[in-house]
Amino acid sequence: MHRRMINLKKIFSVMSAATLSLALLTGSAFAAETPSTKASASIDYSTVSNEMIKQKLIEIANKYDINEVIEGEDLEFIKTYGTRVISVPQKTTSNQIQAKAVTDSVKTHKVKGAADNDVFAGSIKGTLETALGIWQNTIEGDITTKVTSGTPDSYKTDVRIVGYGVVGTSGTYIGKTVDETYTSGWTKSKKKSWTYTLDRVFYGSVAYLTIDVVASVSGEDGELEITSD
């Protein structure tokens, strides 16, 4: 009886060791797979459409509050795909930053897009111009929505402008400094073409800029949204 119990202990000991080894091997295998899985899930944005890039920029903009510091992959994406408007001095005091900022740096932004559904087909086209100072900035221009199919009775255009610039007392970090949406509101019109004229002032230190335009047309049978490319 005593010898039988010793044998059973040996069997359980061998089984426990085998189970532990299997668990360690399985864990190692999963750990080894994790990086490659992440790598395969990543997106090469240099090969995708402008729409996907714009959507990524919007996602980044929605993640941060005003004056919140942005670092890492999000910052690199903004630097790569956002519109660069001024050079941000590195490791300088606030006074030095103001001295080196580009006053009234003017940029022209072309706007275009098209969409359709069962009710409407249409397009948007226009030009927005930003003039950027040290702190006070302006955006102005015209966006025209054209309906090529369907009967409209109202139009609306929204322009969202997001700016990134120096934040913090040291002036060495980039964060979201501007996030403004200007809208025409719903405007009655049965014409096949309607233009929204924008002329606004916004404030903030801006080094990189993104602009998103969404035009909407409405009728008795439904609505259509047209986003900028």
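Predicted model: local features only at pLDDT ≥ 70, side-chain atom pairs only at ≥ 80, totals over all residues.
Helices, in the sense used here, are DSSP runs of H or I with at least four residues, numbered from the N terminus. Under that numbering, helix α2 gives the most to the lining of the largest pocket, with 6 residues.

The overall architecture comes first. The protein chain contains 4 helices and 10 strands. Read from the N terminus on, the elements follow the order α-α-α-β-α-β-β-β-β-β-β-β-β-β. Of the 229 residues in the chain, 38% are buried. Among contacts with a separation of 6 or more, 68% are made by residues 24 or more positions apart. The chain exposes about 14000 Å², and carbon and sulfur atoms supply 53% of that area.

Ile134, Trp135, Val201 and Tyr203 form the patch, with about 420 Å² of accessible area together. Val201 belongs to strand β8, which covers residues 193-203. A relative accessible area of 41% makes Val201 partly exposed, since that class lies between the limits of 20% and 50%.

The largest pocket may now be considered. Rolling a probe the size of a water molecule over the atoms shows where empty space is left. About 560 Å³ of space lies in the largest pocket. Two or more lining residues come from each of α2 (50-63), β2 (105-116), β5 (154-167) and β9 (208-219). The lining comprises 23 residues, and those nearest the centre of the pocket are Lys54, Thr83, Ile211, Ser228 and Asp229.

Thr83, one of these central residues, is located in strand β1 (residues 83-84). Thr83 is partly exposed, as its relative accessible area is 30%. When residues up to four places away in sequence are not counted, Thr83 touches His109, Ala207, Tyr208 and Leu209. Thr83 also lies 6.2 Å from Thr210, C-alpha to C-alpha, although the two are 127 residues apart in sequence.

Thr210 itself is part of strand β9. With 13% relative accessibility, Thr210 counts as buried. Leaving aside neighbours within four places in sequence, the contacts of Thr210 are Leu57, Gly82, Arg160, Ile161, Val162 and Tyr164.

Charged pairs provide another view of the fold. Side chains of opposite charge can pair when their charged atoms come close. The count for this model comes to 6 salt bridges. One of them joins Asp229 to Lys112, whose closest N and O atoms are 3.0 Å apart. Because Asp229 lies in the segment after β10 (222-227) and Lys112 in strand β2, this pair ties together parts that are 117 residues apart in sequence. Both partners are exposed: Asp229 has a relative accessible area of 51%, and Lys112 has 52% relative accessibility. Asp229 therefore takes part in this salt bridge and also figures among the residues nearest the centre of the largest pocket, while being classed as exposed.

A second pair has a contrasting setting. Asp158 and Lys156 meet through their side chains in a salt bridge of 2.9 Å, N to O. Here Asp158 is buried, with 19% relative accessibility, and Lys156 is likewise buried, with a relative accessible area of 17%. The value for Asp158 falls within the buried class because that class takes in everything under 20%.

Lys176 forms a salt bridge with Asp179, and their closest N and O atoms are 3.0 Å apart. Lys176 counts as buried at 4% relative accessibility, whereas Asp179 is partly exposed, with a relative accessible area of 27%. Arg160 is linked with Lys176 and Asp179 in a network of salt bridges.

One backbone feature remains to be noted. Asn67 has a positive phi of about 70° although it is not a glycine. Asn67 is found in the loop between α2 and α3 (72-81). At 52% relative accessibility, Asn67 counts as exposed.

Key. Residues numbered from 1 in each chain as written. Heavy atoms only, no water. Buried < 20%, exposed > 50% of the residue type's maximum accessible area, 1.4 Å probe, protein only. Contact = heavy atoms within 4.5 Å. Areas by Shrake-Rupley, 256 points an atom, 1.4 Å probe, with all protein chains shown as cover. Patch = residues over 30% accessible without salt bridge, like charges linked within 9 Å, V, L, I, M, F, W, Y side chains within 5 Å. Salt bridge = Lys/Arg side-chain N within 4 Å of Asp/Glu carboxyl O. 1 Å grid on protein atoms, 1.4 Å probe; cavity = no way out; pocket = protein on both sides within 12 Å on 5 of 7 lines; lining within 4 Å. Points joined across faces, edges and corners; volume = space filled by probe spheres on them.
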